[in-house]
Each structure stands twice: as structure tokens, then as C-alpha cells.
Amino acid sequence: MTSTGKKKKENLYDQIFGEVTAENIKKCLHHHLLSFQGRDPDRAGARDTYKALAYTLRDIMVEKWINTQKQYYDKHQKRVYYLSLEFLVGRSLGNSLINLGLLDETTEALHDLGYSLEELRELEEDAALGNGGLGRLASCFLDSIATLKIPAYGYGIRYEYGLFYQKLIDGFQMESPDNWVRYGSPWEFQRSQHLFPVNFYGKVHSYIDDQGRYRSKWVDTEDVMAMACDMLVPGFNNDHVINMRLWTAKASRELDLGFFNQGKYISAVQSKVASETISKVLYPSDIMVEGQELRFRQQYFFVAATFQDIFRRYKKKHGSFDLFPDKVAVQLNDTHPAIAIPELMRLLVDNECLDWEHAWDITVRTFAYTNHTLMPEALETWSVELVGKVLPRHMEIIYEINKRFLTMVAETFPGDVGKIRQLSIIDETSGKRVRMAHLAIIGSHSVNGVAELHTHLLKTRIFPTFHGLYPGKFNNKTNGITPRRWLLKCNSGLATLITDAIGPAWVKDLDRLRELEGFVNDSAFLEEWQRVKLANKKRYLKRITDYCGAVVDPESLFDVQVKRIHEYKRQLLNCLHIISLYIRILDDPDSVKTPITKIFSGKAAPSYIQAKLIIKLICSVAEVVNNDPRLGDKLKVSFIPNYNVSKAEMIIPAADLSEQISTAGTEASGTGNMKFALNGALTIGTLDGANIEILEEVGRENIYIFGLTAEETEFEKKHMSRSPQRICTESDHVSRIMGAITSGTFSNGDRDFFKDITNSLMSEQDQYLLLADLEQYLDCQAVIEQDFCDKVSWTRRSIYNVARIGKFSSDRTIKEYARDIWGLDV
């Protein structure tokens with residue numbers, strides 16, 4: 001709703017304050033400052049006002065949420081439960097205002113009170129409930145689910161501390177706790193009435209019941225309580241609000257009075273502290289056994305609480321479980337929630353007394369599994385010893401599932417012991433470990449990849465025998481992003497330009513962006529497109545300057561790579577390009593055709609030493625490049641610390657070039673590639689993940705592709721047709737790039753400082769094939785330098801990228817999930 005429109009009185013907010021106008025929003029802010037925060041409105045500050053605004057929006061949303069829930073019950077709708085260990089939400093204020101249609105009224109109200117909306121938005125902490133693409137995808141999906149009015153819920157953990165807060169000290173990544181709720185969160189409802197016990201450890205008591213059936217009971221357990229915390233997710237302009245239900249751990253008892261009365265005060269609260277550790281930190285370090293156990297307990301904790309909530313809701317209307325798969329669909333976002341499969345079996349067999357075959361049929365028809373990785377080492381496994389210790393009954397159930405499955409395998413492949421070892425849930429190669437991906441595949445009716453190449457490789461390289469055993473089970477659902485956050489919110493200038501040109505329908509139907517193709521020869525439109533991009537770059541300039549300590553030319557090529565730091569994502573390849581540019585400029589300043597600003601951001605896992613060393617190399621190269629007067633304004637480098645959703649919303653609209661350069665065959669999909677293209681950046685990338693489908697949509701002339709294909713990569717890993725040593729021998733330029741690192745140019749003369757990086761680059765066992773792709777990458781970058789000089793041509797190609805990116809809306813992805821997997825009509 002804009003300031004010119006009015007809404008009829010339809011909820012409690014309207015009944016108390018009247019129509020949603022700027023004046024009534026001010027009344028509501030006044031009310032919340034007094035009643036919720038106990039603050040004198042005349043003396044309240046910006047943070048107080050931000051919280052009052054959040055409470056105001058929450059009031060409006062909860063009324064809509066209640067009406068949404070009533071509709072689910074009234075229509076007896078099937079519910080979808082999206083289980084994810086991560087939800088990378090970011091900030092909620094701007095997104096809620098846009099989806100509720102209250103942006104104009106709120107901006108006016110705040111202006112009257114002496115605040116800007118941007119000022120208040122900066123006070124909100126990013127909700128640190130996820131790490132990277134997995135969690136951000138889950139949040140995009142919830143936005144689309146709400147917008148499409150799908151009856152669904154997101155379930156996860158309310159982590160008190162996020163991944164970590166990243167600081168760069170002398171180029172070294174330093175981690176500190178990311179306490180995103182230190183000021184509290186005005187967006188959540190803590191549901192103390194939804195408090196469920198979650199059991200761990202103990203033992204299994206087996207017996208024969210009075211009907212002669214073999215039964216098992218899990219006894220002598222340690223209990224932790226799971227309390228629900230709801231964060232509301234509004235659909236776009238449709239009065240439909242869903243909730244993300246996050247579980248926080250509570251002790252089953254606050255205080256051991258026996259210890260307390262003996263004066264043992266620390267021991268008296270030790271149990272409480274240990275219990276509540278479960279939801280403290282996202283991804284505790286798994287280097288130590290204790291960290292592995294905590295992470296496994298986290299996975300079961302949120303799964304067990306979720307299924308008690310699902311059963312509570314289902315049992316309101318149903319006396320048997322015959323209709324359970326017709327009323328409940330559970331989507332496993334990667335293998336982290338896969339322990340839900342034996343948990344549902346335990347509930348059905350042990351608690352509800354269903355026979356195994358009936359329970360298994362219900363279970364398989366209920367679950368669907370999304371795979372997110374092609375990296376064999378990233379396919380999650382847990383030691384049998386750990387699973388048996390923490391969840392002894394579940395280990396028994398997993399063994400039973402495996403026994404019955406392997407019986408079927410033996411019948412299908414008589415005498416083939418190798419197939420049994422290959423497919424077994426229990427990997428006995430090096431100790432006994434539970435393969436969670438195998439459990440998820442066997443226990444689900446659908447297994448989907450997240451890009452066409454990814455799904456193809458799942459079928460042919462990672463799980464070919466499973467694909468043969470279960471024809472039709474494997475399917476593709478290419479990832480997508482929500483255009484509400486990733487264009488309408490984060491790039492208001494471009495969103496306004498697009499809306500003025502083709503109308504607002506694109507916000508809910510991204511394919512409508514195709515209409516922009518009619519403007520590629522409109523000189524006035526091209527100039528306005530360029531003006532918007534330049535304004536976005538200028539808006540971000542100060543932040544770049546703050547971090548790199550140098551003045552950056554806004555007219556330079558903003559070449560951006562922002563994502564998790566990992567060897568397969570090849571930030572190192574990008575760094576080698578910087579060194580190449582440095583050498584070229586020193587040799588001949590005119591050889592580089594346009595000024596270039598390189599922008600990096602991303603976190604390395606605390607225990608990932610090589611990734612942290614890559615960050616240090618990038619920062620060390622930046623230090624040299626930015627302070628060498630011989631380069632002038634030709635090249636600047638910035639590494640932005642503590643990458644998160646809010647930083648992405650600033651960086652992405654400013655980008656001219658998007659780096660999507662992972663080794664072919666390693667990236668499942670990627671969604672950063674989609675966000676950049678939606679905001680008008682051109683892509684330089686390999687034929688990996690969703691890059692292939694972006695190429696198909698935007699056209700080869702509007703994207704820069706280089707490097708080995710997935711098939712060629714697989715061949716090179718085995719045969720290495722050109723060794724790194726041979727490449728350096730044959731290319732003087734590559735040799736000079738390597739020499740610049742080994743000579744100590746970027747390490748104050750210390751020749752050994754980056755030897756772990758140079759050793760990996762020169763190794764014939766380099767699985768990421770950096771030098772094998774380097775020459776093509778540098779050639780491709782040289783073409784980009786030249787092309788960027790032609791502003792009109794570049795702008796046309798930028799428009800084509802936006803116009804043809806409609807396929808990659810998360811609305812399209814969710815419609816496919818609903819139709820093909822969840823059995824819903826949308």
C-alpha cells in the first residue's frame with residue numbers, strides 16, 4: 001500500500017489506531033515506546049524507535065498470521081514442513097515493510113519524528129541463523145512460500161550466537177562471538193506453551209507386549225526442553241503470513257537444590273548450562289569429539305521437537321496415521337535433518353504401535369530430501385559409536401532399515417558384495433560410520449538436486465546405483481532467489497526504473513522482466529540505467545575506502561567475488577588475476593584498458609587453515625597494490641570483513657562483474673550468480689552449477705565463460721595432461737605470477753610465508769585445477785577490460801541479464817516443489 005491508498009479496518013491494529021496512515025503509525029510507535037519498552041517517547045532514541053517500529057509491524061503481522069492459520073484448519077490443507085539447520089534471514093525491517101506495503105507511510109512517519117528509515121535499518125542486527133547459500137536459500141524459499149500462499153512452516157534452531165563475527169587484523173581472519181540477540185529481538189514470539197522434552201543417551205529396553213509383539217522402549221534418558229520461538233514471514237501484498245519456528249534449548253530443571261544447599265553453587269546450575277548449550281552456537285567446531293557430539297545433538301534436538309509439534313497439530317483432526325502423508329510433507333534441506341527418518345519410525349513403531357511395514361510406507365511417503373553438495377567429503381557421516389551413544393534406539397532403527405534395504409539390494413544384484421558395501425547406510429571402510437545421505441535417499445520418496453548439472457552428476461557420478469535402483473526418485477529443482485529482497489528491497493533505484501518502464505507485475509512474476517528487452521535501444525533508458533548503477537557504486541564507495549584505505553574511482557570496473565571462502569570457490573584464482581594485473585601495469589600502464597576495483601568478502605571456517613591463508617594473501621596483495629603509487633588509479637583491492645546478508649544487499653547492486661569461478665563439477669548451484677545477474681552485473685564463470693542455466697537464459701554473448709568442463713575436470717584430476725610445472729614452463733606470465741608470491745613481494749620479503757599456497761598450486765594433486773584454468777581466465781578478463789570501455793554495449797548486456805533472469809525466481813522453484821514433490825496445487 002502506498003501513502004495514497006487506505007486499508008479498511010480489518011484487524012486489531014485498525015480497530016485501535018484506525019487506518020494505516022503515517023499519523024497512526026506514529027501513534028503506534030508512541031504506544032509501543034510506553035507499553036513495551038517503558039520509555040518516555042520524548043526522550044527515546046533511535047534504537048528505541050527501531051524497536052517500537054518492529055513491534056508495530058509484528059502486531060500487524062501476527063493478526064494476519066492467526067487468520068492464515070485458521071484458513072489452514074478450515075480448508076483441511078496439507079501442510080509442508082521445511083526442515084533446515086540454517087536460515088540466513090538477514091534484517092527483517094525493510095523486507096517486512098515492503099511485503100506489507102507500508103514503506104511510504106512508515107518513511108513519512110519516521111521523517112516527521114526526525115529519523116530516516118535507513119538510520120533505523122542500520123540498527124538492526126542481521127539474524128545470524130545461517131552460514132551461506134544453504135541458509136539464504138531457505139529464507140528465500142520461505143518468502144516465496146508466503147507469497148504463493150502455500151500452507152507451510154520453516155523449522156530450525158534459534159542460535160544465540162551466529163557463525164562468528166569476522167575481523168581482519170593485519171589481513172588475518174580473527175573470530176569473535178556473533179551475539180546477534182544481545183539487545184533482544186523484537187521480531188520473535190517466545191512460545192513457552194510449546195515446550196517439548198527431547199531425550200538423549202539412555203538405553204533400550206526390549207520386551208514382548210501382551211499381544212505377543214516384540215517391542216522396544218527408550219529409557220533412562222537425559223532430557224532437554226525445546227521451546228518454540230516464532231519469527232513471522234509475510235507474503236508480498238497478500239495478507240498471508242507464515243512462521244519460521246525456531247527451537248531454543250531449556251534445562252529440564254533450572255536448579256539442583258541438593259547441590260545448592262550443600263554450597264556447591266556452580267554444580268547446582270551445571271546441568272542447566274550444559275542443556276542450554278545445544279542452541280548456543282551455529283556450527284560448533286567439530287575438530288574435537290565434544291564438538292562433533294554437540295553438533296549431532298543439535299540436529300536431533302530440532303528434529304525431535306519439530307516432530308512433536310507436527311504430531312500435536314496432526315492429532316487435532318486425525319485419530320489414525322493413515323492420512324499422515326496426505327496431510328504432512330517434510331522437506332529435508334540437506335542431510336542435517338536426516339535423523340528425522342529414524343525419529344519418525346521410532347514415534348510410529350514404539351509410541352503409536354504401528355507395524356514396521358506400515359510405518360515405513362508412511363515415512364517414505366512423508367519425506368523428501370534436497371541434496372546440496374557434489375563434494376564427497378561434504379556428504380555427512382557420523383560414527384556408529386557416537387550415534388549409538390547419543391541415540392541408542394535410533395541406531396537400532398537405522399540398522400533395521402539398512403538390513404531390509406540390503407536384502408533388496410542382494411536380490412537385485414545377486415552375489416555382488418561390492419554393491420552391498422557401496423550402497424549400505426553403514427560405511428565400514430574406516431571404522432563404522434552412518435552415511436546420512438544414504439539414509440535420506442532410502443527414506444524419502446523424492447531426492448532432488450538444485451541445478452541441472454548438479455542433478456545430472458548426482459545421477460551419474462555420486463549416486464548412480466541409487467538412481468538405477470529408484471528410477472524416477474531423483475529429480476531437479478534449480479534454485480532461485482526472491483526478487484522482493486534481491487531487487488525490490490536492495491536496489492530501489494533499479495526497481496523503480498524497471499517499474500516505471502514495464503509496471504509492477506514483475507515483483508510476483510519475474511518472467512515479466514523480458515519486457516525490458518524492448519528498451520535496449522532506447523538511449524534515454526540506457527542513460528538512466530547507467531545513472532542507477534553509478535549511484536549504487538557511489539553509495540558503496542565510502543565503505544570500500546574505509547576497508548582498503550584508498551580512494552576508488554566509481555567509474556572503474558567493480559569486479560566482485562563475495563561468498564564463503566573455500567578452495568573450490570577459487571578466490572585464489574581471482575587473486576592471481578590481481579597479481580597478473582599488477583605485473584602488467586608495472587610493465588606497461590596502458591596495457592590495462594580500464595581502471596579495476598576488486599572487491600572480496602566472505603568468511604573461512606575457523607579450522608580451515610588454507611582458506612584463512614588465502615584471505616591473508618588477498619589482504620597482503622591489496623596492501624601492496626593499494627599503496628604502490630606507480631599504479632595510480634588503475635587497480636584497487638578491498639576485502640570487506642564480516643560478510644552477511646546486509647552487506648550483500650549493498651555490494652551486489654554496485655557490481656559490474658560477478659565472479660562465479662568454482663572448479664567445474666564442484667558447485668551444486670550457487671545463488672549469488674542469480675542475485676548479481678538480477679541486479680545487472682555480467683558474469684564471468686565456469687560451466688558449473690547454475691552458471692550453465694544462466695548461460696542458456698541470457699545468451700553466450702551476455703556472459704563470459706572460461707575453463708574446463710565438469711567432464712574435462714574429472715579427466716584432468718586423474719590424468720593431468722598439463723602439469724602445473726609444465727604450465728609455468730610454457731607461460732612466462734604464469735611463471736612471473738608465481739614468482740611474485742614466492743619471492744616475498746606480498747610478504748615483506750618472507751619467501752616461505754605463502755609456501756602452503758604455492759605448494760598447492762604447483763601440486764599435481766591440486767583437485768581444484770587453478771593453474772589449469774588460469775590462462776583461459778586471464779584471457780577472458782582481458783576481453784572484459786576491453787568490453788567495459790564500450791559503455792553503451794555493456795549497458796545493453798546488463799539489461800539483457802536482468803531481462804532474461806526470470807527463471808531464477810524462488811517463486812518458480814517453490815511452485816515446482818509444490819507440484820512435483822509436495823503434491824499441492826499452486
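In the second largest pocket, the lining residues comprise eleven nonpolar, nine polar and four charged ones. The structure described here is a predicted model. It also holds five cavities of 30 Å³ or more, and an open sheet of nine strands.

**The second largest pocket**

- The volume of the second largest pocket is about 460 Å³.
- Its lining is made up of 24 residues, and Asp170, Gly171, Cys619, Ser620 and Glu623 are those that lie nearest the centre.
- At least two lining residues come from each of helix H22 (523-548), helix H24 (609-626) and strand E19 (635-640).
- H24 provides the largest share of this lining, with seven residues.

**The largest cavity**

- The largest cavity contains about 240 Å³ of space.
- Of the 18 residues that line the largest cavity, Val89, Asn95, Leu232, Val233 and Arg485 lie nearest its centre.
- Helix H4 (93-100), helix H7 (133-147) and strand E8 (222-234) are the elements giving two or more residues to this lining.
- Nine residues of the lining of the largest cavity are nonpolar, five are polar and four are charged.

**The second largest cavity**

- A volume of about 150 Å³ is found for the second largest cavity.
- Its lining has 16 residues, with Tyr50, Glu124, Glu125, Gly184 and Pro186 nearest the centre.
- Helix H3 (residues 46-74) contributes three residues, the largest share of this lining.
- The lining of the second largest cavity consists of eight nonpolar, four polar and four charged residues.

**The sheet**

- The nine strands of the open sheet follow the order E5-E8-E9-E2-E1-E10-E11-E15-E16, and their pairing is mixed.
- Strand E5 (188-200) and strand E16 (474-476) stand at the edges; each has a single partner strand, so one side of each has no neighbour in the sheet.
- On average, neighbouring strands of this sheet are turned by 25° against each other, direction ignored.
- Four bridges join strand E1 (residues 79-83) and strand E2 (residues 152-157), which pair in the parallel sense.
- Tyrosine 81 has tyrosine 153 of E2 opposite it.

**Helices packed on the sheet**

- Helix H10 (residues 289-315) packs on the sheet and touches E1, E2, E5, E8, strand E9 (241-251), strand E10 (328-333) and strand E11 (367-370).
- The direction of H10 makes about 110° with that of E5.
- Helix H12 (residues 340-351) also packs on the sheet, where it touches E1, E10 and E11.
- The direction of H12 makes about 170° with that of E11.

Terms used: Residues are numbered from 1 along each chain as its sequence is written. This is a predicted model: local features need pLDDT of at least 70, side-chain atom pairs count only at pLDDT 80 or more; totals for chains, interfaces and linings use all residues. Side-chain values use heavy atoms; hydrogens and water are left out. On a 1 Å grid over the protein atoms alone, a cavity is a set of points where a 1.4 Å probe fits but cannot get out, and a pocket is an open set with protein on both sides within 12 Å along at least five of seven lines; lining residues have an atom within 4 Å of a point. Grid points are joined across faces, edges and corners, and a volume is the space filled by probe spheres set on the points. Ala, Val, Leu, Ile, Met, Phe, Trp, Tyr, Cys and Pro count as nonpolar, Asp, Glu, Lys and Arg as charged, and the others, Gly among them, as polar. Two strands pair if DSSP finds at least two bridges between them. Axes are lines fitted to C-alpha atoms, for helices over the stretch in contact, and angles run from 0 to 180 degrees between N-to-C directions. Contact means heavy atoms within 4.5 Å.
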